[in-house]
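Subject: Structure for your files

Hello,

Please find the structure below. My notes on it follow.

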Amino acid sequence: MKRFLVISLILLMAASFTFQTQAPVATVAAYGPKEALSYRLHYGFITAGEARIEVDPALYLINNKVCYKAAVIGSSTGTFDVAMHIRDQWTSYIDTATKIPQRSMRDIIENNYRLKEMVMFDYKNNKANVIRESGKELSKSTAEYPISANLQDIVSGAYYLRTLDYSKMATGTTISMKAFFEDKLYDFTVKYVGKEKVHTKHGYINAIKIQPVMPDNKMFDGGNSIRMWLSDDGNKIPVKIEADMFVGKVEVELKDFSGLKHPIVFTKK
């Protein structure tokens, strides 16, 4: 990963990977249309960015599959925006039945860097057709990459982790994945750490703690540098994320939520 992407922290998978999951088949209906989540990213007391994760109220037909349209939108804020101007959006069209992405899109603005990308998944022929426009002049290029079944892109991958039944996992259970970024394949693992009570602006909440084992990279300080807490209920929304980066500790906290599929309960300590 070459640039600091605000939303990548929100999505947990901080290298814009595509996932080929070896985990159990998802069985929990954790989200649906109209769900919207907003987050604040900060270094200490400094707010560095904000992000929204939302599911469009409408359904879309992609590759003859009825799909949710899920989007993640992030931006830098305040003084941080002066040094690192970020306006990023990831979009995924997720098959409502299989939870597999049918199409993915990225629209990236980071200082002078510009990228527009569309990935069209062709599962019949086991390939992903990619159209990219990048640079100041948005030069266009196309590419084709081999894929296999049960792929997840960065957005659908985050939603996929919310559908797993962690109550049936022992502490230390790992979810193994093949990760594809640009033109390379990576082995990727997420570990189920256990359950904890987490403080948020809305109160305390029982949470599921998971932790990706990061591959060697220049952004994060060690293989266990990211921790993520999901609400321990039917929604399993991300309520908190911590990341140990070489520039310091970054925290992401839940600001607001709406359109949840299941009740959510916050309590006093």
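Helix H3, residues 154-163, has these buried residues: Ile154, Val155, Ser156, Gly157, Ala158, Tyr159, Tyr160, Leu161, Arg162 and Thr163. That is ten of its ten residues, so the helix counts as mostly covered, given that buried means under 20% relative accessible area. Please keep in mind that this is a predicted model. The N-terminal end of H3 is capped by aspartate 153, which has a side-chain oxygen 3.0 Å from the backbone nitrogen of valine 155.

The strands come next. S2 (residues 36-43) and S3 (residues 46-62) run antiparallel and are joined by eight bridges. Across this pairing, alanine 36 faces glutamate 54 in S3. The hairpin of S2 and S3 has two residues between the strands, and glycine 44 there has a positive phi near 60°.

S3 also pairs with S4, again in the antiparallel sense, over eleven bridges. Here isoleucine 62 is opposite lysine 65 in S4. Two residues separate the strands in this hairpin as well, where asparagine 63 adopts a positive phi near 55°.

On the surface there is a nonpolar patch made of Leu59, Leu61 and Val66, whose accessible area together is about 280 Å². Of these, valine 66 belongs to strand S4, residues 65-76. Its relative accessibility is 38%, so valine 66 is classed as partly exposed; that class lies between the buried limit of 20% and the exposed limit of 50%.

Regards

Notes. Residues numbered from 1 in each chain as written. Predicted model: local features only at pLDDT ≥ 70, side-chain atom pairs only at ≥ 80, totals over all residues. Heavy atoms only, no water. Patch = residues over 30% accessible without salt bridge, like charges linked within 9 Å, V, L, I, M, F, W, Y side chains within 5 Å. Areas by Shrake-Rupley, 256 points an atom, 1.4 Å probe, with all protein chains shown as cover. Salt bridge = Lys/Arg side-chain N within 4 Å of Asp/Glu carboxyl O. Helix = DSSP H or I, 4+ residues; strand = E, 2+ residues; numbered from the N terminus. Buried < 20%, exposed > 50% of the residue type's maximum accessible area, 1.4 Å probe, protein only. Polar contact = N/O pair within 3.5 Å; in protein donor to acceptor, adjacent residues only side chain to side chain. Pairing = 2+ DSSP bridges.
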